[in-house]
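This report concerns the contacts between parts of a protein model. Please consult the sequence and structure shown here before reading on.

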Amino acid sequence: MIKNTKKTPKNIILSLENVFISYGAFEAVRNVFCNFKKGDITSLIGPSGCGKSTVLRALNRMNDLIPNCSLKGTVMFNGTNIYDTRVDPVEVRRRIGMVFQQPNPFPKSIYENIAFGARINGFTGDMDYLVESSLKKAALWDECKDKLNDSGYSLSGGQQQRLCIARTIAIEPEIILMDEPCSALDPISTLKIEETMHELKKNYTIIIVTHNMQQALRVSDMTAFFNAIEHKEGDGGKVGYLAEFNSTKKIFNSPKEKTTQEYISGKFG
Amino acid sequence: MNSLYYQKRLSRNVGDKFFTYLSVFCALISILPLIFLVTYILIKGGAQINADLFILEPNPPGDDLDAGGINPALIGTLVITTIASIIAIPVGVGGGIYLAEYSKGGPFSRFIRFGVNVLAGVPSIIAGVFIYALIVSTKIIFGSMYSGFAGGIALSILMLPTVIKTTDEGLKLVPNELRYASLGIGASMYTTILKITLPSAFRSIATGVLLGIARAAGETAPLIFTALFSYYYITGFGDLFYEMGSLAVLIYNFALEPYDAQNKLAWAASFILVMSILSVNIFSRILAAFTEKTKRI
């Protein structure tokens, strides 16, 4: 166990301190300070190219998989900087699970999709019970309890996405990251995923990137608005930054920044 | 104002027709050698097929003698190709995994990719001479010189590039989302590769391996320098370390004999070799087609 190097307030589970992320020489996000509260749903919103997905992937070191991607600053998770050289990214991803934009079930049965993650994480308990409870938490149990041995691909897109959520829940993470989980889904499936998120909130901290402002308004307690500005050097590229971070109510009703006001009222984006 | 109807005489339409027919003609010519070759061998070789062929040893050349069979060469080809596969498949699949999964496109992996391409273009006789110099002439393996074992090693050099390339390409076809899914729930790279990516790419890798085997099984030049030839049955494990017959070298040797009986044996061996290579190729096509069908919906 790595010693706590810094104190963070007790209910803050994840905290970004002066984070800069760049792809090679290109700076994607700069200067992010942000605290995520335990048990909250926080949504990251902003125009395309503002780096919200980049920030999200930085939270469980998925950016490691992208060549040339580097991060400066600290990401404190329960008092440990997850970018410390002694940290094992595999362990980080076990504690901070992720659901992706495109539903991506494994080419295995529904049962195996859930059991796989649990098994590699050393789960030795009652697998049937775990599969059932995970599917129930993801509100998928009733739809697939009779066909657990069918391929994960036999489900509809929305069901596949809930299977992916169930798969993530099965490894009992502390935080679930969701990268535009509903952008590939129809409105009804979207609604079901949102209901699922409300259920999950009781046990997990959720951070979600969304393009849909109504969704942010519906599901989240806190909202972070990211924006992009031209580089000072004037090379035409844009760099993302955290423009405003507040409770969802305040962001949508009385934003402090002018750009936030303009973005949520649909003037750009 | 020109009419909207198609006009045959228009120079662009004439040119278009001409090039269409020209390309069809070239396509037909390019398939002709295969058709002629296969038919010729089917006719010439197919007539020589009988049960004795698969059972007997070939008799020493002579004009009054029956030629015998090609059992040792048949078994020899199987044994040598198996040895080649045992060496080339693990090394090739391992190398392909490195290239597709672990390497980040740095100078080392570019060097390996380049090297693999060069190796794929190395004439097979060079592979034979290389193993001759390395193993046969030095008697490094239990003092044996020409051996089926050395032949297998020579063929493995020829199989290796195909296996590495198809593994590399097969793994690259696996969508990244699948890797992220696995890594995102805390699987290590090793688990992800063994449990998720390799099984997804299994069929395309198997196709490549089969094509590699088909190529190796028909090679003659490397075997002349390494396995040489033998008239006698393969009876036990120890025979691995002595000269070993193979279909390809049998064809090479017997086709040059002045005696009709041996020539016929060479035709029969050609028939069997071509048929087995053809069937391995067709099987790999079926496997590949099957993969297409079972891809994610």
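Domain 1 of chain B and domain 2 of chain B bury about 620 Å² between them, 92% of it on carbon and sulfur atoms; buried area is the accessible area (1.4 Å probe) that two parts lose on being put together, summed over both. The side of domain 1 of chain B that touches domain 2 of chain B consists of three nonpolar residues, two polar and one charged. In this classification, Ala, Val, Leu, Ile, Met, Phe, Trp, Tyr, Cys and Pro are nonpolar, Asp, Glu, Lys and Arg are charged, and the others, Gly among them, are polar. Domain 1 spans 2–47 and domain 2 spans 52–296 of chain B, with bounds from an automatic or database domain assignment.

The model is predicted: local features need pLDDT of at least 70, side-chain atom pairs count only at pLDDT 80 or more, and totals for chains, interfaces and linings use all residues. Residues are numbered from 1 along each chain as its sequence is written, chains are lettered from A and ligands numbered from 1 in the order in which they are written, and side-chain values use heavy atoms, with hydrogens and water left out.

| Interface | Buried area | On carbon and sulfur atoms |
|---|---|---|
| Domain 1 and domain 2 of chain B | about 620 Å² | 92% |
| Chain A and chain B | about 1800 Å² | 72% |

Between chain A and chain B there are zero salt bridges (a side-chain nitrogen of Lys or Arg within 4 Å of a carboxyl oxygen of Asp or Glu). The side of chain A that touches chain B has 15 nonpolar, five polar and four charged residues.
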